[in-house]
Amino acid sequence: MIGGLGGDDGGGVMVTMQDVAERAGVTKQTVSNVVTGRVAVRPATEARVRAAITELGYVPNLVARSLATGSSRTVGLFVPTVSAPFYADVVEEVEDALEERGHRLLLCTTRLDGERARRHLAALASRSVDALLIAGDQGLTGHLPLLADARFPVVLCAWEAALPDGFPVVTVDYEHGGHLAGRHLRALGHERALVLASPAHTVRTAGFRRAFHEDGIPLPDDAVRTAAEPTFRGGLAAALDALRAHPEATALFATHDVLAVAAVEAARALGRAVPDDLSVVAHDDTPAGVLSGTALTSVVLPKREMARQAVDLALGAAASAPRPDPRPRPLLPSLVAGDSTARVPGRPGGA
């Protein structure tokens with residue numbers, strides 16, 4: 001029997017699965033099916049059971065549940081950091097999706113340290129988790145062979161580097177994101193543009209180049225500036241350098257929101273107004289963009305959809321013997337126009 005301890009219903013009295021069943025007006029087996037997730041339950045019935053669980057403060061015995069189902073109801077998630085808004089959002093979306101399915105999250109951060117990532121992966125390979133999600137490719141690609149024989153399915157998401165063989169991937173078409181930024185600026189008549197990029201964002205830059213190349217406009221190599229580090233400080237230095245070297249530029253694409261904020265500040269420091277003198281397009285649409293004081297035009301990533309697809313894929317694979325299809329599942333970003341882009345001064349029409 002799978003039991004549990006509840007809250008203070010009845011003054012600290014143990015709350016059992018039978019109590020939940022009686023409150024929800026269902027059988028104890030139905031409650032077990034909801035808790036374990038092994039058998040599908042009608043949505044309305046599941047809602048009543050979960051409401052009763054919440055009302056009574058019932059907490060399933062996870063050890064007993066694991067023994068009964070062969071499942072730990074725990075999914076691991078690797079991210080480079082939780083200090084970056086993008087990854088913080090991914091963590092919350094994954095956690096929400098897992099909680100809805102009765103699973104818990106085991107979070108590990110690599111902090112862009114390859115050796116730390118290797119230790120975590122080696123330890124997790126022998127741990128009892130139902131599945132593992134790895135968000136972000138920085139410092140991890142070379143260590144994936146550690147998981148080749150893992151007893152649980154591994155799903156990659158938010159992967160921007162070359163996709164490794166043998167692992168299913170739910171990610172974003174980052175090249176398309178750069179292309180959206182470029183086409184938006186071309187539609188506004190811009191021909192002289194700069195790119196302020198993070199070292200890891202070569203794919204986004206390639207998409208931006210393609211957008212200009214389609215109109216026969218090459219993007220010179222020195223128009224692409226890489227920030228020494230993907231921070232405001234690093235972006236500000238690179239943006240100042242780029243704008244001083246290319247005073248003729250009328251537009252700038254930043255491959256990350258914090259770099260876009262730095263570019264706006266650099267333009268202001270040089271006496272250039274955004275968007276009247278310089279149009280700026282950001283990428284990622286995270287809260288960092290608000291710091292610019294301007295509603296940034298930004299490439300928006302489908303983080304919620306990506307996280308939920310990755311969870312569905314991982315849990316689906318954990319529930320059945322076949323490994324998931326390794327073919328990548330790229331999701332398309334979109335562009336939301338804000339107040340940081342405008343037509344080239346003196347040009348009423350687009351490209």
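Predicted model: local features only at pLDDT ≥ 70, side-chain atom pairs only at ≥ 80, totals over all residues.

Select Glu 55, which has its place in helix H3 (residues 43-56); helices here are DSSP runs of H or I with at least four residues, strands are DSSP runs of E with at least two, and both are numbered from the N terminus. Because its relative accessibility is 54%, Glu 55 counts as exposed, where exposed means over 50% relative accessible area, buried means under 20%, and partly exposed lies in between, with a 1.4 Å probe and protein chains only.

Residues are numbered from 1 along each chain as its sequence is written, and side-chain values use heavy atoms, with hydrogens and water left out.

Step back to the whole protein, which has 11 helices and 14 strands, and in which buried residues make up 51% of the 351 residues. Contact means heavy atoms within 4.5 Å, and among contacts between residues at least 6 apart in sequence, 71% join residues at least 24 apart. The protein exposes about 16,000 Å², of which carbon and sulfur atoms supply 53%; such areas come from the Shrake-Rupley method with a 1.4 Å probe, and for residues only the protein chains shown count as cover.

Next, select strand S5 (residues 131-135), where 5 of the 5 residues are buried, so the strand is largely enclosed by the rest of the structure. Colour Ala 131, Leu 133 and Ala 135, which point one way from S5, and then Leu 132 and Ile 134, which point the other way. Which strands lie alongside S5? Strands pair if DSSP finds at least two bridges between them; strand S3 (residues 74-79) runs parallel to S5 and is joined to S5 by 4 bridges, with Leu 77 having Leu 133 as its bridge partner. Another 4 bridges join S5 to strand S6 (residues 154-157), also in parallel, and here Leu 132 stands opposite Val 154.

Move on to the largest nonpolar core, which has 39 residues, and select Leu 194, Val 195, Leu 196, Phe 208, Leu 252, Leu 278 and Val 280, the ones that touch the most other members. A nonpolar core is a set of buried Ala, Val, Leu, Ile, Met, Phe, Trp, Tyr and Cys residues joined through side-chain atoms within 4.5 Å. Among the elements that give two or more residues to this core are helix H7 (174-187), strand S8 (193-197), helix H10 (257-269) and strand S11 (279-284), and H10 gives the most, with 8 residues. In soluble globular proteins, nonpolar side chains tend to be buried together.

A second, separate core of 29 residues includes Val 90, Leu 301, Ala 307 and Val 311.

Is S11 enclosed or open to the outside? In S11, 6 of the 6 residues are buried, so this strand is largely enclosed by the rest of the structure. With 3 bridges, S10 is joined in parallel to S11, and Ala 251 stands opposite Ser 279. Follow the chain from S10 through H10 to S11, a β-α-β crossover that is right-handed, meaning that, with the strands pointing away from the viewer, the path from the first strand over the helix to the second runs clockwise. S11 is also joined by 4 bridges to strand S12 (residues 297-300), again in parallel, and Val 281 stands opposite Thr 297.

- Arg 204 has its place in helix H8 and is buried, with a relative accessible area of 4%; leaving out residues up to four places away in sequence, Arg 204 touches Glu 160, Tyr 174, Phe 253 and Asp 284, among others.
- Lys 303 is found in helix H11 (residues 303-319) and is buried, with a relative accessible area of 11%; apart from neighbours within four places in sequence, the residues in contact with Lys 303 include Phe 86, Asp 89 and Asp 284.
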